[in-house]
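Okay, thanks everyone, I'll keep this brief. Let me put it up on the screen and then we'll walk through a few residues.

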Amino acid sequence: MRITNAEFLKSALKPSDWPDDDKREIAFLGRSNVGKSSLINSLLGVRGLARTSGTPGRTRTLNFFLVNHIFRFVDLPGFGYARAPREIKQTLAEAATEYLAQRKQLVLSIQLVDSRHEPTQQDLQLHDWLKYHHKPHLIVATKSDKLSNNELNKSLNRMAQILKSKPVAYSARTKRGHDEIWSAIEKSLKN
Ligand code: GTP
Ligand code: MG
């Protein structure tokens with residue numbers, strides 16, 4: 001897809017603050033620091049559109065981005081950030097779950113897992129939840145540039161075994177996986 005326009009729309013927690021038109025949405029979800037904001041920026045080719053940070057737990061709201069004036073990307077708050085105060089973690093998890101469960105505009109959930117680690121209990125829970133609720137989803141293994149080819153293959157096979165679906169290896173540095181992710185997004189927008 002050729003990106004002609006990408007803009008930050010708004011940050012929101014409560015459903016009443018979410019955009020209320022019927023444009024389709026692609027959501028990005030996964031552990032804090034896994035690379036959600038970096039993936040969004042690199043897919044859109046706009047550095048700094050979604051805020052990235054070396055400090056986990058940076059994204060603390062649902063962030064909506066309008067792409068080519070026709071659909072939206074949604075950066076969901078990262079889960080599993082151990083150092084956030086309990087009330088904040090609770091609120092974020094509730095907002096993200098509420099979004100996934102009831103958002104009619106949602107056509108694809110892109111679940112990010114770190115290619116360097118085994119999927120965590122929370123990764124598994126989220127994945128099971130998406131499957132159980134028949135949510136169309138794609139698993140992306142991030143930061144693939146940090147592994148050798150051999151290590152990466154091992155890790156991808158391991159993930160495929162555990163999650164029972166094959167992840168797409170991605171790197172925001174090298175753009176590996178870029179085309180594959182875009183074609184999944186385009187397909188979901190057509191349905
Ligand atoms: P939260 O907003 O805290 O939930 O994090 P996030 O999932 O949005 O992660 P973010 O995109 O901010 O990235 C976290 C850190 O990982 C940053 O320091 C990024 O530069 C780095 N990072 C993200 N993607 C890649 C990648 O593909 N390769 C490498 N080497 N580093 C990456
Ligand atoms: Mg982020």
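So, to start: is His69 buried, exposed or partly exposed? Keep in mind that we're looking at a predicted model. His69 comes out as partly exposed, because its relative accessible area is 47% and the exposed class only starts over 50%. As for where to find it, go to the loop that runs between β3, residues 62–67, and β4, residues 71–75. If we ignore neighbours within four places in sequence, His69 has contacts with Asn5, Glu7 and Lys23. And from His69 over to Val113, you cover 44 residues in sequence and 29 Å in space, C-alpha to C-alpha.

Okay, next one, Asp114. This residue sits in strand β5, which spans residues 106–114. Its relative accessible area is 5%, so Asp114 counts as buried, the cut-off being under 20%. Who's around it? Again skipping neighbours within four places in sequence, Asp114 touches Arg31, Val34, Thr142, Lys143 and Met159. There's also a polar atom of the Asp114 side chain 2.9 Å from the backbone nitrogen of Arg116.

Last stop, Gly54. You'll find Gly54 in the loop between α1, residues 36–44, and β3. Here the relative accessible area is 70%, so Gly54 is exposed.

Note on methods: Residues are numbered from 1 along each chain as its sequence is written. Chains are lettered from A and ligands numbered from 1 in the order in which they are written. This is a predicted model: local features need pLDDT of at least 70, side-chain atom pairs count only at pLDDT 80 or more; totals for chains, interfaces and linings use all residues. Side-chain values use heavy atoms; hydrogens and water are left out. Helices (H or I, at least four residues) and strands (E, at least two) are DSSP runs, numbered from the N terminus. Buried means under 20% relative accessible area, exposed over 50%, partly exposed in between (1.4 Å probe, protein chains only). Contact means heavy atoms within 4.5 Å. A polar contact is a pair of N or O atoms within 3.5 Å; within protein, one must be able to donate a hydrogen and the other to accept it, and residues adjacent in sequence count only if both atoms are side-chain atoms.
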